[in-house]
Amino acid sequence: MNKKWAAKRLTINLTSSEAQKLEQFCSITGRPATDVIRELIRSLSYQEEKASRA
């Protein structure tokens, strides 16, 4: 395994509709779920998180 990606393993719980939405997106785009989730996490910013808590 590439050590660059071996830093942290994460397990998430999704509702059936969330899982279905992710599967459909991955099927349409041809991208693996791991890549999609990584991209979503990278798109988060501290300012957005701070604003959502207010």
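Glu39 counts as partly exposed, because its relative accessibility is 45%. On that scale, buried means under 20% relative accessible area, exposed means over 50%, and partly exposed is in between, with a 1.4 Å probe and protein chains only. Glu39 forms a salt bridge with Arg31, and their closest N and O atoms are 2.6 Å apart. A salt bridge here is a side-chain nitrogen of Lys or Arg within 4 Å of a carboxyl oxygen of Asp or Glu. Arg31 is partly exposed too, with a relative accessible area of 27%.

A word on the source. This is a predicted model, in which local features need pLDDT of at least 70 and side-chain atom pairs count only at pLDDT 80 or more, while totals for chains, interfaces and linings use all residues. Residues are numbered from 1 along each chain as its sequence is written, and side-chain values use heavy atoms, with hydrogens and water left out.

How many salt bridges does the structure hold? There are two. Besides the one between Glu39 and Arg31, the side chains of Asp35 and Arg38 meet in a salt bridge, at 3.2 Å from N to O. Asp35 and Arg38 both lie in helix H2, three residues apart, which is about one turn of the helix. An α-helix has 3.6 residues a turn, so residues three or four places apart point the same way. Asp35 is partly exposed, with a relative accessible area of 33%, and Arg38 is also partly exposed, at 24%.

Now the overall layout. The protein has three helices and zero strands, in the order α-α-α from the N terminus on. Helices (H or I, at least four residues) and strands (E, at least two) are DSSP runs, numbered from the N terminus.

H1 has 14 residues and reaches 20 Å from its first C-alpha to its last, close to the 20 Å expected at 1.5 Å a residue. That expected span is 1.5 Å times one less than the number of residues. Glu23 sits in H1, which covers residues 16-29, and Glu23 is exposed, with a relative accessible area of 57%. From C-alpha to C-alpha, Glu23 and Ala33 are 7.4 Å apart in space, and they are 10 residues apart in sequence. After H1 comes Gly30, whose phi is positive, near 75°.

What about the surface? Leu10, Ile12, Leu14, Ile41 and Leu44 form a nonpolar patch there, with about 500 Å² of accessible area together. Leu44 is in the loop between helix H2 (33-42) and H3, and Leu44 counts as exposed because its relative accessibility is 61%. Patches are made of residues with over 30% relative accessible area and no salt bridge; like charges are joined within 9 Å, and nonpolar side chains (Val, Leu, Ile, Met, Phe, Trp, Tyr) within 5 Å. Accessible areas come from the Shrake-Rupley method with a 1.4 Å probe, and for residues only the protein chains shown count as cover. Buried residues make up 6% of the 54 residues in the protein.

Last, confidence. The mean pLDDT, the predictor's confidence in each residue from 0 to 100, is 87 for the protein. Where pLDDT is low, the predicted coordinates should not be read in detail.
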